[in-house]
Amino acid sequence: MKAIRRFTVRPVLPDPLGPLSDLARNLRWSWHAETRDLFQSVDPECWAASGGDPVRLLGTVRPARLAELAGDRRFLRRLTAVADDLDDYLTGDRWYQAQQAGLPAAVAYFSPEFGITAALPQYSGGLGILAGDHLKAASDLGVPLIGVGLLYRHGYFRQTLSRDGWQQEHYPVLDPHELPLALLEEPDGSPARVGLALPGGRELHARIWLARVGRVPLLLLDSDVEENDPGERGVTDRLYGGGSEHRLLQEMLLGIGGVRAVRAYCRLTGHPEPEVFHTNEGHAGFLGLERIAELCAEGLEFDSALEAVRAGTVFTTHTPVPAGIDRFDRELVARHFGPGAELPRIDVERILRLGRETYPGGEPGLFNMAVMGLRLAQRANGVSLLHGDVSREMFAGLWPGFDPDEVPITSVTNGVHAPTWVAPEVLRLAARQAGAQRTEDALTVGGSERWDAVADIPAQDLWELRRTLREQLVAEVRERLRASWRQRGAGEAELGWIDGVLDPGVLTIGFARRVPSYKRLTLMLRDRERLTRLLLHPERPVQIVVAGKAHPADDGGKRLIQELVRFADDPRVRHRIVFLPDYGMAMAQKLYHGCDVWLNNPLRPLEACGTSGMKAALNGCLNLSVLDGWWDEWFQPDFGWAIPTADGVGTDPDHRDAVEAAALYELLEQRVAPRFYERGPDGLPGRWIEMVRQTLGRLGPKVLAGRMVREYVERLYAPAAEAHRAMDPDAARGLAEWKARVRAAWPGVSVDHVETSAATATAELGTTLGLRVRVGLGDLGPDDVEVQAVSGRVDSEDRITDATAVPLKPSGGPDPEGRWVYEGPLSLDRTGPYGYTVRILPAHPLLASAAETGLVAVPSEELAEAAGVLMR
């Protein structure tokens, strides 16, 4: 029989066990081994059945067992120690508190998904896992972050396979009362609420759930409340589901409702108001509009409020392709803003202008969330060095006249939260070698000197560690594979072969990620006979564990999964290659721990960062990857192998796959497998172990989320906070008026004449030329602009590469025609083809970048030819 109503019955803990509730409700347990060990000891069977979720554990453990523990002095001593440790963690000073004054009092971090733990399934893939790791690392470092997201009633889908290997989706209902969450409440005990105005006089209400991620509060908005009509209740039904209007409402609730939730949280708890707002991808971009509306309500005009908001906003883009960006029909957006809808005091046309694709090839009828995010943020970044390059190219049209390398988008390479992803066995070995405190510092704060102890770990210990982790993975794979085949309809009598799947002594390769086409799940199947020979090699066999989910609407991705599953079902190879459905955090941890090699073969440069290989590396797993994302930045032969790519312009996709698959097979056959199976006189694969040691000791400090968050603090949050403080209402008005004046006057700005002291087209290294430039500034003055000489090597088309910009100084006042003369030296500091040009840029002390306004004046082609600008 089916229940007509569902509710949660909470356990009543005996008083001595009261701290267990606090420990269960703070998600630090998800990365703190001692806390997890404590909960496991409460009832090991219930712990396993709960999937390692303390809240579910406490809801199922027998009262008699709780009463027994309440009288167990040894358990109570452990409980007190763990509870005291959490209190010290939450209240003590950490890295952030030891930094110089001037850092932001608080930072609000918005993301559409957060992967904190499998017990709070609010993520689909890398974006959410990255956001979760960002929060955890911020907590470890003491950064005063407030996370903001949505609470999806179905989360992301659960994946099973049909008998013929087709992906099937299931959406279990999540009850917030059974999750490690608490409602944010008003002083009278009623739930705190936020609301959005909808067209037609309707309203979207949402309550605010609070998750404690160590020191970091995470606010999750939930529209499944009785005040809403059924359509509005379903706004937060599932992650990345529904049509355009559904997604728009989700993103309005995340951005606009999220700012209102932050204001409510700060009002109710006394938490400092954020000085910096960080939007993780464009989904939360509407937060800038809400903050503009707040300032307009205080008396600022739109343009002034825009400047004030931009000063304290950071925007991170994660996509390397335009297709990955949310874009909405302009009319749909217009219907949800303005009179009779949300933000009624702001002119709808001003809102639409922020998301307009004004660059060549842009579609004027669409509203682009990433474009709005860039226009609403004074600071922006990609998530690896290569992705920064790709992003500057992709968005260069927003800054016409500037070379892509001057587009104001920097990069902060992603990192991963080591305490979450490192196997307990690795932690124990590290603590034994270096001490518990040094190990904790190495994994959270980072710094290469803290990782030096890896060099002293005996080779035998490293090899035994890898063998132990591989054995655990084999057991995990067999258990999951058996469950998958039962779901596919197989009887237990058919599954005896699963006991022989994988071998703890065989080289094990992992491949697990989302399944869009560019990640090329099936590249390994390009030559099936060659792959089969690799899998079944008599002396150097290979085994492969594969996992991944395709988006529910992506039939192409589902076909790739089916193709791989059918190959893995073949009785000839099914003991050497497996596909595990329902990829998620719990499975991922086992894969990262137990694999010897992590495979990644995307189409370069479409992997923005690709952090799965970082998590594997922290467990001593070697990377075998295309030079994309983070691997392009940090690859060295000491750490793993680079798959050669055929990504030249015009390469046929089929030919490219063939070339790169062949390169992959060649690496496995000739270099990877031989090194794994090569044994020295001591019976150990010495060269392999040395690569493991180098991966841990030299790559480990780089891939940490602690390093990433420290970079965000120092390079983006601190400057944004400083800019926010400088942008008081008067400064914001002044900057907005100055920009308007400069834009109006810019058509009158020109470079009229350029002359140099060079007499010939050749010059010696170290020569300094005198440069004299006459410019027209129209209605502007020298204080409004900077005149620059830009010089460097030139390519075959006379484009300046590796440019250096030097400001020129005005010489005297304007001539009778209103022209100004600028002069300065030009040093020839490089040999070979060399060139220079001159340009004029707007200049103001409150600009974060010379390209910020998107305005530049350069010599006309005729003037450039007359100036003799090339030195060969």
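1. Let me start with Arg-604, which comes out as partly exposed, with a relative accessible area of 23%. Keep in mind that this is a predicted model. The side chain of Arg-604 meets that of Asp-632 in a salt bridge, at 3.0 Å from N to O. The two partners sit in distant parts of the chain, 28 residues apart: Arg-604 is in the loop between β18 (597–600) and α23, while Asp-632 is in helix α24 (residues 629–634). Asp-632 is partly exposed too, at 30% relative accessibility.

2. Glu-711 and Arg-715 form a salt bridge, with their closest N and O atoms 2.8 Å apart. Both belong to helix α27 (residues 705–726), and the spacing of four residues is about one turn of the helix. As for accessibility, Glu-711 is partly exposed with a relative accessible area of 22%, and Arg-715 is partly exposed with 37%.

3. Are Asp-222 and Arg-153 buried or exposed? Both are buried. Their side chains meet in a salt bridge of 2.8 Å, N to O. Asp-222 lies in strand β8 (residues 216–222) and Arg-153 in the loop between β2 (145–150) and β3 (158–161), so this pair ties together parts of the chain that are 69 residues apart in sequence. Look at the surroundings as well: Arg-153 and Asp-222 belong to a network of salt bridges that also takes in Arg-207, Asp-224 and Arg-233. For the whole model, the count comes to 63 salt bridges.

4. Lys-615 deserves a look on your screen. Lys-615 sits in helix α23 (residues 612–617). This lysine is buried yet has no salt bridge.

5. Gly-415 is in the loop between β14 (410–411) and α16 (418–421). With a relative accessible area of 1%, Gly-415 counts as buried, because the limit for that label is under 20%. Setting aside neighbours within four places in sequence, Gly-415 is in contact with Leu-130, Asp-133 and Met-614, and also with Val-703, Leu-704, Ala-705, Arg-707 and Met-708. So which residue 197 places away along the chain has its C-alpha atom 9.9 Å from that of Gly-415? The residue is Ser-612.

6. Which helix gives the largest share of the lining of the second largest pocket? Helix α11 does, with five residues. The helices that each supply at least two lining residues are α11 (302–311), α13 (348–354), α14 (369–375) and α28 (729–745). By class, the lining is made up of 14 nonpolar, nine charged and six polar residues.

Technical notes: Residues are numbered from 1 along each chain as its sequence is written. This is a predicted model: local features need pLDDT of at least 70, side-chain atom pairs count only at pLDDT 80 or more; totals for chains, interfaces and linings use all residues. Side-chain values use heavy atoms; hydrogens and water are left out. Ala, Val, Leu, Ile, Met, Phe, Trp, Tyr, Cys and Pro count as nonpolar, Asp, Glu, Lys and Arg as charged, and the others, Gly among them, as polar. Buried means under 20% relative accessible area, exposed over 50%, partly exposed in between (1.4 Å probe, protein chains only). Lys and Arg count as positive and Asp and Glu as negative; His and the chain ends are not counted. A salt bridge is a side-chain nitrogen of Lys or Arg within 4 Å of a carboxyl oxygen of Asp or Glu. Contact means heavy atoms within 4.5 Å.
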